[in-house]
Amino acid sequence: MSDATLHMTDRDPDDFAVQIADQVESFLVAVTEVAKGEEPDSVVPFLLLEVSQLLLAGGRLGAHEDIVPDERYEPDPGPEADVDQLRENLARLLEPIDVYSEVFDPYEPRTAPVPARISDDLTDVVTDLRHGMVHYRAGRTTEALWWWQFSYFSNWGSTASAALRALQSVVAHVRLNQPLAALDGLDTDQSLGDDALEIEAGRVMVEEIGGPLGMRPVV
């Protein structure tokens with residue numbers, strides 16, 4: 001099936017490309033809306049939902065056979081959209097729990113965790129997805145699918161997975177009434193050693209984040 005056929009206005013909603021593009025577009029719109037800060041009490045649970053749904057699309061791309069673009073060289077999608085404002089808005093909304101610890105490769109032995117930021121992760125994912133969306137909207141559907149699949153393996157899949165783990169951990173701490181350990185000055189320009197394996201991001205207690213997150217801890 002050609003790109004032109006896949007990009008018709010009467011696209012088949014059951015088509016793989018259409019479904020992936022719809023999930024990508026939904027995530028991009030949702031994160032942009034969340035970053036506006038109009039519903040700060042729901043930021044974490046809403047992002048948890050959206051990242052979870054996006055990773056379903058990523059899993060489908062990962063399980064799909066290798067997608068080969070029609071052209072040898074990627075067509076120029078133009079300049080990348082500026083994401084600094086999006087990053088800053090997310091960091092402000094997530095400030096109490098933005099920094100967390102992450103292990104980049106769970107299969108690499110003795111890998112120490114490093115600090116990361118949910119706001120940086122989400123912005124990086126948005127950048128990757130927007131890049132592919134430019135191709136999709138231009139009618140280069142195969143190119144878009146190739147880019148989304150390639151960048152899923154090389155960047156946004158692991159990045160979104162890490163952010164999801166952090167968001168799920170925050171929700172779990174609140175719902176299970178388990179306080180988060182102190183951050184003790186940890187930031188993303190530092191490395192974590194073996195002695196800091198148990199230090200988790202966020203100098204916040206359940207009592208402090210339960211209300212702002214719009215959640216009620218288990219009694």
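Helices here are DSSP runs of H or I with at least four residues, strands are runs of E with at least two, and both are numbered from the N terminus. The model is a predicted one, in which local features need pLDDT of at least 70 and side-chain atom pairs count only at pLDDT 80 or more, while totals for chains, interfaces and linings use all residues. Residues are numbered from 1 along each chain as its sequence is written, and side-chain values use heavy atoms, with hydrogens and water left out.

**Helix α6 and its partners**

Begin by selecting residues 118-137, which are helix α5, together with residues 141-175, which are helix α6. The two pack at an angle of about 165°, with their axes 9 Å apart, where an axis is a line fitted to C-alpha atoms, for helices over the stretch in contact, and angles run from 0 to 180 degrees between N-to-C directions. The two helices, α5 and α6, are therefore roughly antiparallel to each other, a term for angles over 145 degrees. The residues of this contact of α5 with α6 divide into 15 nonpolar, 7 polar and 4 charged; nonpolar covers Ala, Val, Leu, Ile, Met, Phe, Trp, Tyr, Cys and Pro, charged covers Asp, Glu, Lys and Arg, and polar covers the others, Gly among them.

The contact of α3 with α6 has 17 nonpolar, 8 polar and no charged residues.

**Aromatic rings**

Next, show the side chains of Phe, Tyr and Trp, whose rings (the six-membered one for Trp) pair if their centres lie within 6.5 Å; a search of the whole structure finds 6 such aromatic pairs. For Y152 and W156, the ring centres are 5.1 Å apart and the planes stand at 65°, so the pair is edge-to-face, the label for planes over 60 degrees apart. Y152 and W156 are 4 residues apart in helix α6, and are therefore separated by about one helical turn. Are these two residues buried or exposed? Y152 is buried, with a relative accessible area of 19%, and W156 is buried as well, at 1%; buried means under 20% relative accessible area, exposed over 50%, and partly exposed in between (1.4 Å probe, protein chains only). Select also W146, W147 and F150, which form one aromatic cluster.

**Salt bridges**

The last stops are salt bridges, each a side-chain nitrogen of Lys or Arg within 4 Å of a carboxyl oxygen of Asp or Glu, of which a search of the whole structure finds 4.

Select R137 and E25, whose side chains meet in a salt bridge at 2.7 Å, N to O. R137 lies in helix α5 and E25 in helix α2 (residues 16-35), so the pair ties together parts that are 112 residues apart in sequence. R137 counts as exposed at 54% relative accessibility, whereas E25, at 27%, counts as partly exposed.

Then select D120 and R87, which form a salt bridge at 3.1 Å, N to O. This pair links distant parts of the chain, with D120 in helix α5 and R87 in helix α4 (residues 84-93), 33 residues apart.

Finish with R117 and D98, whose side chains meet in a salt bridge at 3.4 Å, N to O. R117 lies in strand β2 (residues 114-117) and D98 in the loop between α4 and β1 (99-102), so the pair ties together parts that are 19 residues apart in sequence. R117 counts as partly exposed at 23% relative accessibility, while D98 is buried, with a relative accessible area of 1%.

Methods
Angles under 35 degrees count as roughly parallel, over 145 as roughly antiparallel, 65 to 115 as roughly perpendicular and the rest as oblique. Rings of Phe, Tyr and Trp (its six-membered ring) pair if their centres lie within 6.5 Å; planes under 30 degrees apart count as stacked, over 60 as edge-to-face and the rest as tilted.
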